[in-house]
Amino acid sequence: MVENTADQEVLATFLIVDGEVVYEVAPNSVLNIGRLDTNDVVLDDYKVSREHAILKASGTEEFLILDLASTHGTYVNGERIDRRKIKFGDRINIVSHELVLSRELPDIEGTDSQSIPTPKMARTLDRRLKFFGGLNEFALITLVQFLSQEKQSGLLLLELGQKPGPRIYFVNGEIIHVSDGTDLAELLTRQYHEQSLFFYFHHETNFPERTIHEATPNYLMKLCHSHDEKQNEEADPNVGLRRTTSRLTITARIEPPSSTHRH
């Protein structure tokens with residue numbers, strides 16, 4: 001069978017690490033970058049976090065680098081980032097390591113098409129879940145409740161299309177902190193997602209200070225309930241007025257309006 005080498009050259013994408021090691025980046029794939037040998041791209045450096053960053057390839061032209069709340073950060077062209085779209089030739093720096101995307105296989109001694117590592121298709125599973133994917137067919141709250149019930153500790157990152165989303169920190173199944181959570185209530189109450197909602201959950205050891213102290217089921221219930229109330233108010237502005245008047249009558253008597261004023 002004769003393969004179309006021209007098409008392979010057009011679609012091929014390579015990640016070059018420190019000018020020495022080359023990884024192939026498949027279309028619509030995610031590469032895990034970090035110190036642990038379970039990552040796709042292993043950086044053997046004690047300053048690199050165990051699970052430091054991920055590189056997401058959408059098709060063959062769009063790429064996103066995402067820092068996983070690492071200690072020493074991820075930099076693109078000298079600027080520290082949380083998330084950043086990258087293009088061919090951009091310099092990604094993790095501690096002292098430089099990573100660059102290229103369309104062409106570099107001329108590195110000892111490197112050929114047979115020696116290029118590809119992303120692992122299977123991983124060793126343990127109690128500490130680490131997984132990623134897209135939410136299209138089921139609600140986000142189902143995933144959040146699963147992580148809570150399984151008493152997981154880690155960071156759940158969300159991304160709607162190419163838009164950064166909330167970051168949810170779990171400790172033993174309890175949500176302790178949410179950053180960039182403006183859209184969280186709306187995302188939790190969606191049954192389906194017209195755009196793919198990408199998620200990534202990984203084990204975490206460096207947690208922010210706890211800001212959410214109530215039990216996770218109560219927190220989720222209040223969050224969803226407040227969103228439902230907001231939606232009802234937007235649909236019928238009088239709903240908020242009626243609810244406010246109802247609360248006031250509990251503590252104060254409101255006289256009905258009258259055309260005759262009495263002293």
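This is a predicted model: local features need pLDDT of at least 70, side-chain atom pairs count only at pLDDT 80 or more; totals for chains, interfaces and linings use all residues.
## The protein as a whole

Let's begin with the overall picture. The protein has 263 residues, and 40% of them are buried. Its secondary structure consists of five helices and 16 strands.

Two further values describe the whole protein. Of the contacts between residues at least 6 apart in sequence, 57% join residues at least 24 apart. The protein also exposes about 15800 Å², with carbon and sulfur atoms supplying 50% of that area.

Strand 3 (residues 29–34) runs parallel to strand 4, and two bridges join them. Ile33 has Val41 of strand 4 as its bridge partner. As background, strands of a sheet pair through backbone hydrogen bonds, either parallel or antiparallel.

## A strand covered on both faces

Now move along the chain to strand 13 (residues 154–160). Seven of its seven residues are buried, so this strand is largely enclosed by the rest of the structure. One side carries Gly154, Leu156, Leu158 and Leu160, while the other carries Leu155, Leu157 and Glu159; all of these are buried, and both faces of strand 13 are covered.

Which way do strand 13 and its partners run? Strand 13 and strand 14 are antiparallel, joined by six bridges, and Glu159 stands opposite Pro164 in strand 14. With strand 16 (residues 197–203), strand 13 again pairs in the antiparallel sense, over seven bridges. In that pairing, Leu157 stands opposite Tyr200 of strand 16.

## Two loop residues with positive phi

Val95 sits in the loop between strand 10 (91–94) and strand 11 (97–102). Its phi is near 55°, a positive value in a residue other than glycine. Val95 is partly exposed, with a relative accessible area of 30%.

Asn172 lies in the loop that links strand 14 (163–171) and strand 15 (174–179). Although Asn172 is not a glycine, its phi is positive, at about 50°. Asn172 counts as exposed because its relative accessibility is 53%, and the cut-off for exposed is over 50%.

Terms used:
Residues are numbered from 1 along each chain as its sequence is written. Side-chain values use heavy atoms; hydrogens and water are left out. Two strands pair if DSSP finds at least two bridges between them. Helices (H or I, at least four residues) and strands (E, at least two) are DSSP runs, numbered from the N terminus. Buried means under 20% relative accessible area, exposed over 50%, partly exposed in between (1.4 Å probe, protein chains only). Contact means heavy atoms within 4.5 Å. Accessible areas come from the Shrake-Rupley method with a 1.4 Å probe; for residues, only the protein chains shown count as cover.
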